[in-house]
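Hello,

Here is the structure I promised to pass on. Have a look at it first, and then read my notes below.

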Amino acid sequence: DVPKAPEPRGDSDGPRRGSLCDRHCAAINNVQGDLGELGCHLHRPRVPTGRSAMGWAGHGVPGGSCTLCHPLISPAAMCPPSCCQQHSDEVCESCMVKTTLTAENAVEANKLSNNYKFGFKKWKSHVTARPWEDRSEIVKELYSDLNVIRGSGGSTVTCGNILYLLLFGWWLSLLYVLVGATMFVTVVGAPYGQLCWDLAGYFLWPFGKVIQKVEVPKSRRTPGACEGGAEAGGAGESSALLGGPVPQRWQPRCWADAGYWQRAGAVAWLCLGYPVLALAHGLVCVTAWLLIVLIPVAKLSARTTARVLLLPPERVLIRRLRMTEVPLEGEVILCCYRALNPYYYKYAVDGINVFAVNLLPLVLVTLVLGYVDSHNHLTSSPVKFTLALLSIMPLSYYIGMAIASISAQSNFAVGAVVNATFGSITELTFYITALIKGSREGNRCYAEIVKSALTGTLVGCVLFVPGLCMVIGGIRHQEQRFNSRSAGVSSALLFLSVGGVFAPTLFSKVYGKLICGECHNVTQNPLGHYLCHNCHFDLMDNNGTLYYSHVQPLVYTVSLLLPAAYLIGLFFTLKTHSHIYDIHISDCHMPGHHHSAVVHWSRWRALVILLLSTLCMSACADLATEHISPILTNSTISQYFIGVTVLAMVPELPEIVNGIQFALQNNLSLSIEIGNCIAVQVCMLQIPILVLFTIFYPTNFTLVFSDLHVYASMFSVVLMNYIFMDGKCDYFQGTVLVMVYFILLAVYFFAPSPSGC
């Protein structure tokens with residue numbers, strides 16, 4: 001590869017990509033001598049450790065911008081292992097589709113390489129602070145304060161600004177007028193009244209206007225006789241900073257001395273005017289922040305409350321910027337052009353996406369309502385169940401980010417233990433609390449709901465997650481390729497796990513005794529046809545001989561073999577055959593790309609957040625199972641449908657978002673691996689753990705599923721393997737997977753409720 005000058009790019013919050021061949025062929029004749037000066041030494045370890053690396057190759061990963069040449073099976077293939085300087089022609093002829101993935105620092109490189117390790121949680125967001133110079137201008141604007149005067153940016157009459165006027169501007173301006181009138185009534189607060197009237201016009205339409213902090217001339221700061229405002233500001237008084245007269249508001253001179261804030265006007269303002277306006281701006285700030293796209297309005301209100309309203313009136317200047325006006329020299333406090341910015345979905349606070357930040361108070365509300373209002377005096381059970389279920393989403397996000405942060409800053413062993421321990425904690429917490437509640441109440445319906453949720457997670461991650469990623473990614477990319485060999489490993493494990501999980505069910509169908517609840521003779525002939533309802537295979541006939549002597553030992557055997565197969569898969573993909581993922585690390589760096597890692601969460605902080613999130617997750621799961629009973633008994637919708645949709649897919653929403661972001665970056669391999677990894681963990685880890693739990697805490701959970709669960713799961717796995725066979729896909733194949741998933745949901749919707757519910 002050859003050195004590459006930095007290029008401006010949109011902020012994707014992910015690896016940077018570019019065509020190796022295009023860059024190589026374009027610059028090979030100009031910079032051949034530079035490669036020898038760089039002295040790059042490439043290393044290809046089987047499993048990366050992320051030591052001093054600045055880059056990696058998931059499909060082929062460079063260090064910094066220095067590219068590692070290595071053949072790939074995946075579509076984002078690298079060049080053959082040869083010096084690019086010597087084999088430039090062969091490189092460009094043999095590598096038709098090549099991408100380069102880079103990381104800013106060693107920690108980020110380790111996180112990115114963990115994404116390609118089997119059994120590790122795939123995480124899209126950065127765990128370290130991105131270099132400011134690498135961010136796009138759009139993202140830089142998101143984090144900038146509203147104190148920058150820009151050139152002519154077009155008309156300020158936009159849909160977002162009009163929305164501000166309708167939502168906040170008119171009543172905020174009216175409030176300033178009323179507060180200003182109140183301050184004039186106090187007499188001593190007249191200067192603040194004039195300020196409020198000026199701000200009333202500003203907040204009615206603040207766009208294209210500027211609020212500045214100006215210096216008061218010494219002549220006005222000198223204590224003297226108290227004179228009227230008209231006499232206080234003579235014709236010769238002006239501001240050297242602004243080159244123009246200081247705003248003249250009615251104010252006695254003696255109030256502008258060093259002890260200004262001890263004067264009566266300030267007291268009247270802090271007692272009567274400021275609290276009302278601060279409360280109003282606080283309401284605007286919270287509302288705009290929750291709407292996300294209106295975060296500029298939230299910044300506007302926060303800055304007004306913290307700075308503008310606490311300044312002496314004579315130091316506040318409000319001006320309208322003209323098209324030809326030179327930027328002012330005074331300190332700019334506020335300057336806003338747009339109330340709405342759709343790119344604020346990228347905004348993050350300390351590395352946490354703004355959506356997760358906004359949903360965090362929902363967790364507190366859920367816990368307070370759930371445990372304080374235990375008798376449903378304030379809210380009903382369906383409302384509490386909905387709140388508990390929604391609270392699981394941000395907690396899943398925090399758990400995922402904590403796992404990714406710890407894994408990126410630790411060695412392989414620690415990362416593997418953390419991922420294996422907490423990778424499925426979200427689902428297991430809900431399943432175990434549901435089984436405990438069902439056991440205490442003697443209600444078999446909870447066990448059936450858990451089975452439906454397990455099947456829904458399996459089917460959704462096999463069909464819906466990759467299908468949706470294919471459809472959304474196919475909108476931007478005509479055809480997407482992925483590493484078919486690595487996907488084949490997950491597919492093989494899926495076949496093995498599905499066969500093992502449903503083996504006790506098939507065994508019971510063969511040897512069980514069919515028992516029907518109601519049978520009616522249709523033809524009124526004793527030898528005619530009978531119509532039977534509520535039929536199932538009885539495993540407890542003859543005092544449960546079949547179940548306890550044959551089915552239960554088979555369940556325990558399968559529960560031991562599946563985790564063993566999972567460990568073998570880990571050893572195969574991470575140790576002996578890690579080359580199928582083509583994870584490589586280069587130790588060479590390009591000039592200008594040496595960035596020290598500034599992690600958002602340290603290991604200890606991530607561990608504390610992980611434990612607290614897990615504890616809150618347990619509480620929310622307990623509340624969800626506590627208040628799901630009225631929904632199951634009073635709802636006309638099948639309990640199967642509730643289990644395979646709401647309970648199965650809501651906890652996986654952060655994973656779905658990660659998969660979509662990977663697909664938009666033409667990295668479909670990770671999108672597919674997200675779904676496959678979750679499905680494999682459901683069968684090979686979660687179900688054996690539930691079986692192990694029932695040994696120590698007897699519940700109604702048995703590893704015998706309904707026919708609908710068996711057929712839906714097996715058909716989904718077969719279809720998924722057929723689609724992924726050739727290593728490439730488009731939006732049409734993704735549409736097929738999504739449509740099949742919705743067809744199965746329709747089947748579950750119209751299916752009768754399971755026995756015992």
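**A patch on the surface**

Trp170, Leu174, Val177, Leu178, Trp197 and Leu204 make up a nonpolar patch on the surface, with about 580 Å² of accessible area together. Patch residues have over 30% relative accessible area and no salt bridge, and nonpolar side chains (Val, Leu, Ile, Met, Phe, Trp, Tyr) are joined within 5 Å. A salt bridge is a side-chain nitrogen of Lys or Arg within 4 Å of a carboxyl oxygen of Asp or Glu, and areas come from the Shrake-Rupley method with a 1.4 Å probe. Helix 6 (159-185) and helix 7 (190-204) each give at least two residues to the patch, with the largest share, four residues, coming from helix 6.

Please keep in mind that this is a predicted model: local features need pLDDT of at least 70, side-chain atom pairs count only at pLDDT 80 or more, and totals for chains, interfaces and linings use all residues. Residues are numbered from 1 along each chain as its sequence is written, and side-chain values use heavy atoms, leaving out hydrogens and water.

**Aromatic pairs**

The whole structure holds 22 aromatic pairs (ring centres within 6.5 Å; stacked under 30 degrees between planes, edge-to-face over 60, the rest tilted). Tyr143 and Tyr347 are stacked, at 4.8 Å centre to centre and 20 degrees between the planes. Tyr143 lies in helix 5 (residues 137-143) and Tyr347 in the loop between strand 4 (331-336) and strand 5 (348-349), so this pair ties together parts 204 residues apart in sequence. Helices (H or I, at least four residues) and strands (E, at least two) are DSSP runs, numbered from the N terminus.

Best wishes

How values were computed. Patches are made of residues with over 30% relative accessible area and no salt bridge: like charges are joined within 9 Å, nonpolar side chains (Val, Leu, Ile, Met, Phe, Trp, Tyr) within 5 Å. Rings of Phe, Tyr and Trp (its six-membered ring) pair if their centres lie within 6.5 Å; planes under 30 degrees apart count as stacked, over 60 as edge-to-face and the rest as tilted.
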